[in-house]
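Please keep the sequence and the model in view while reading.

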Amino acid sequence: MKKQAAPPATTSDAFLGVWTWNAKTGIVVACSDVCRYLNIPTEVGIHGVPAERFYEAIHPDDMRGLIQAVEKALHGDDPFLAEYRIVSVEHGTVRVRSNGRCFRDSAGRPTHISGYLSRIDLAPVAAPDDEAVLNDVIEHLSAAFEAAAGLSKPVLSKLISAVLLEAGTQLAAFLRRH
């Protein structure tokens, strides 16, 4: 049976997977796809490894910017956002974007940063109605964020906020291209 080629990406970003970094222990857990891109055996990475193990795959010229983004998320109220290159044994050198949020305990101390990784070096292939779809997605996410804001636990609204940030980034990229 002949294998069919995968369809082309519809945006310049391709979702790779999710990760969580424990600020107290320095341990990172990640899904299998993120582990593969970062040269970490899946059976190890899904249970957690020291953050330094993940940093080993970061392009040396991008390490300082990534560390600054982590520090900014830990010490500020901003979402975590970093763009950098990883050197993957399986995929070569690729540009990625990490989006996430820093979570804190009741005293305001950082407990963990959770987020997702996207590959951003793929060629954009935009459909004519992408702007309308992105606007619709942002509208729905905004409504979901407002609805979740009333919950007693802020985790859901913070996760929606991270996704809303990514949708806004996608819309801005689309508008720059057109």
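The model is predicted, so local features are given only at pLDDT of at least 70 and side-chain atom pairs only at pLDDT 80 or more, while totals for chains, interfaces and linings use all residues. Residues are numbered from 1 along each chain as its sequence is written, and side-chain values use heavy atoms, with hydrogens and water left out.

**Overall make-up**

- The protein contains six helices and six strands; these are DSSP runs numbered from the N terminus, with helices (H or I) of at least four residues and strands (E) of at least two.
- Read from the N terminus, the elements follow the order β-β-α-α-β-α-α-β-β-β-α-α.
- Of the 178 residues in the protein, 37% are buried; buried means under 20% relative accessible area, exposed over 50%, and partly exposed in between (1.4 Å probe, protein chains only).
- The protein exposes about 10400 Å², of which carbon and sulfur atoms supply 59%; accessible areas come from the Shrake-Rupley method with a 1.4 Å probe, and for residues only the protein chains shown count as cover.
- Among contacts in the protein with a separation of 6 or more, 53% join residues 24 or more positions apart; a contact means heavy atoms within 4.5 Å.

**The sheet**

- Six strands form an open sheet in the order β3-β2-β1-β6-β5-β4, with antiparallel pairing; two strands pair if DSSP finds at least two bridges between them.
- The edge strands are β3 (49-50) and β4, each of which pairs on one side only.
- Strands β2 and β3 pair in the antiparallel sense over two bridges.
- Val28 stands opposite Val49 in β3.

**The nonpolar cores**

- The largest nonpolar core has 29 residues, and Trp21, Phe54, Phe80, Tyr84, Ile86 and Ile113 touch the most other members; such a core is a set of buried Ala, Val, Leu, Ile, Met, Phe, Trp, Tyr and Cys residues joined through side-chain atoms within 4.5 Å.
- Two or more residues of this core come from each of β1, β2 (27-30), α1 (32-37), α3 (51-55), α4 (63-75), β4, β5 (92-104) and β6.
- Helix α4 gives the largest share of this core, five residues.
- Phe54 touches Val28, Ala30, Val34, Leu38, Ile40 and Val49, when residues up to four places away in sequence are not counted.
- Another core, of eight residues, lies apart from the largest one and includes Ile138, Ala148, Ile160 and Phe174.
- In soluble globular proteins, nonpolar side chains tend to be buried together.

**Aromatic pairs**

- There are two aromatic pairs; rings of Phe, Tyr and Trp (its six-membered ring) pair if their centres lie within 6.5 Å, with planes under 30 degrees apart counted as stacked, over 60 as edge-to-face and the rest as tilted.
- The ring centres of Phe15 and Tyr116 are 6.0 Å apart and their planes stand at 40°, so this pair is tilted.
- Phe15 belongs to strand β1 (residues 14-22) and Tyr116 to strand β6 (residues 110-119), so the pair ties together parts that are 101 residues apart in sequence.
- Phe15 is exposed, at 57% relative accessibility, whereas Tyr116 is buried, at 12%.
- Trp19 and Phe80 form an edge-to-face pair, with 5.6 Å centre to centre and 85° between the planes.
- This pair also links distant parts of the chain, with Trp19 in strand β1 and Phe80 in strand β4 (residues 80-88), 61 residues apart.
- Trp19 is buried at 11% relative accessibility, and Phe80 is buried at 3%.

**Cysteines**

- The structure holds zero disulfides; a disulfide is a pair of cysteine sulfur atoms within 2.5 Å.
- The closest cysteine sulfur to that of Cys35 is in Cys31, 6.8 Å away, which is too far for a bond.
- Cys35 is buried, with a relative accessible area of 0%, and Cys102 is buried at 5%.

**Two further residues**

- Thr111 lies in strand β6 and is buried, at 17% relative accessibility.
- Leaving aside neighbours within four places in sequence, Thr111 is in contact with Trp21, Asn22, Ala23, Lys24, Phe103, Arg104 and Asp105.
- Gln170 lies in helix α6 (residues 155-177) and is buried, at 12% relative accessibility.
- Gln170 and Leu134 are 36 residues apart in sequence, and 7.6 Å apart in space from C-alpha to C-alpha.
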